[in-house]
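Work through the exercises below with the model open beside you. Try each task before you read its solution.

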Amino acid sequence: MREFRLNNNINVCVKQNKNTPRAALTLNISINKPEKYAGEYSIMNRLLLKGTKKYSSEELSAILDENAIDFTCEMKSDYLRLRFVCLNEDFEKALSIMQDVILNSTFEEFEKEKVKMKGELTAELDSAKVKVSDLFTKTIYKNHYYGHSYTKFLEELDSVTKDDVVNSYKEILSNSRKTLVLVGDVDSDIVEKYLGNIPESVGCESLIEPPAPLKQEYTEIVKNDANQAQILQGWLVPTIGSDEYPALMLLNVILGASGLSSRLFLELREKKGLAYTVRTAYETHRKSAVFSIYIGTEPSNIQTSIEGFKEEIEKIKTIPVSEDELKNAVNNLIGKQDFITETNSQQANIMAYYSIMGKPYGYQKEVREALHRVTPQDLQRVANEYFTDDYILSVIRP
């Protein structure tokens with residue numbers, strides 16, 4: 001890997017993968033302020049590929065299709081991600097389009113896109129599984145930017161104006177740290193020509209505060225057309241870069257993220273027949289993270305499922321994980337990381353993600369080494385410290 005800075009102070013990492021026919025570039029732009037209205041940043045993101053001063057939305061789409069350039073803009077809670085994958089011979093063209101999108105997006109289809117977004121969100125929320133996730137998110141991050149869920153978007157989108165979106169974009173572009181990763185077999189020197197003139201990368205202090213500590217809370221929605229009950233239980237836990245990060249990753253694999261071999265799947269689905277689906281998730285933001293357990297089950301099994309959660313959490317807190325189970329979890333996690341970093345695009349994304357979260361581009365190697373150092377006692381200690389009675393429990397039922 002080679003690192004250098006553009007004239008505008010953007011830090012660039014180049015990973016040369018020889019003899020690969022497609023190049024991948026990811027540019028992350030930090031988000032340092034909560035949005036004024038829920039959904040403001042999301043609609044801004046959707047409009048970035050809806051036309052520039054040079055190209056209409058249709059022309060831009062046609063150029064990307066004709067040249068087989070896969071270009072996407074994605075709004076995350078802590079950063080805006082612009083990325084593309086293209087054939088090596090089209091690398092300069094893709095760079096010129098990225099420059100145009102960043103500097104010259106018009107946001108002209110604002111009203112049209114707002115109506116479209118509201119329709120899509122309403123349709124998404126018809127799913128009970130999406131609805132319970134929405135309820136859980138806005139409860140665990142109550143009165144916090146990270147809690148801007150789909151229903152929160154729908155409540156506040158009408159208040160968002162085009163001027164709000166344009167001003168927010170200018171603010172983000174001017175006052176943000178930017179990090180760029182290029183993976184492939186192309187000339188990296190040309191990046192300066194196209195991205196060296198966008199607003200500079202600056203070291204900004206994030207104004208997004210950590211969320212308030214949790215108190216136990218139960219939330220429920222009755223959805224008359226639901227066929228099954230949806231249950232989500234979760235805790236606020238340390239995030240990426242913390243000392244507990246490797247242990248929480250492994251607890252996630254052991255409890256529910258390793259599919260058929262996970263404890264919750266074996267106990268609640270295979271042995272007790274409670275679940276259609278059961279899993280855990282460890283979702284990280286810059287200032288916080290959530291560890292959650294999800295199950296889809298018969299409405300008559302709601303209380304039994306919640307008791308099942310409690311039993312499995314109690315086991316992980318009181319009975320040390322065996323060395324074999326820990327070793328299998330480490331291997332499972334490393335195997336997944338290998339799988340999701342096979343392509344140039346995947347490598348560019350993960351490296352740029354680590355960097356925008358304040359870590360080295362090669363942080364994945366550090367994480368792997370840390371995983372091997374985790375002991376059964378570490379898992380037990382972290383489980384006891386964070387899987388407390390201060391949790392959120394959200395239920396959707398018929």
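**Exercise 1: Strand partners**

Find the residue in β6 that is the bridge partner of Lys15. This is a predicted model.

Solution. The bridge partner of Lys15 in β6 is Val183. Now widen the view to the strands. β2 and β6 run parallel, joined by 6 bridges. Next take β3, residues 22–30. β3 pairs with β6 over 6 bridges, in the antiparallel sense. Here Thr26 has Val181 of β6 as its bridge partner.

**Exercise 2: The faces of β6**

Decide whether the residues on the two faces of β6 are buried or exposed.

Solution. Start with the rule: side chains in a regular strand alternate between the two faces of the sheet. One side of β6 holds Lys178, Leu180, Leu182 and Gly184. The other holds Thr179, Val181 and Val183. All of these are buried, meaning under 20% relative accessible area. That is 7 of the 7 residues of β6, so the strand is largely enclosed by the rest of the structure.

**Exercise 3: A hairpin**

Determine how β1 and β2 run, and how many bridges join them.

Solution. β1 covers residues 2–5 and β2 covers residues 11–16. They run antiparallel, with 4 bridges. Between the strands lie 5 residues. In this hairpin Asn9 takes a positive phi near 75°.

**Exercise 4: A pocket**

Identify the element that gives the most to the lining of the second largest pocket.

Solution. The pocket's volume is about 260 Å³. Of its 15 lining residues, those closest to the centre are Gln233, Ile306, Lys310, Asp389 and Tyr391. β8 and α11 each give two or more residues. α11 gives the most, with 8 residues. By type, the lining has 7 nonpolar, 3 polar and 5 charged residues.

Terms used:
Residues numbered from 1 in each chain as written. Predicted model: local features only at pLDDT ≥ 70, side-chain atom pairs only at ≥ 80, totals over all residues. Heavy atoms only, no water. 1 Å grid on protein atoms, 1.4 Å probe; cavity = no way out; pocket = protein on both sides within 12 Å on 5 of 7 lines; lining within 4 Å. Points joined across faces, edges and corners; volume = space filled by probe spheres on them. Nonpolar A, V, L, I, M, F, W, Y, C, P; charged D, E, K, R; others polar. Pairing = 2+ DSSP bridges. Buried < 20%, exposed > 50% of the residue type's maximum accessible area, 1.4 Å probe, protein only.
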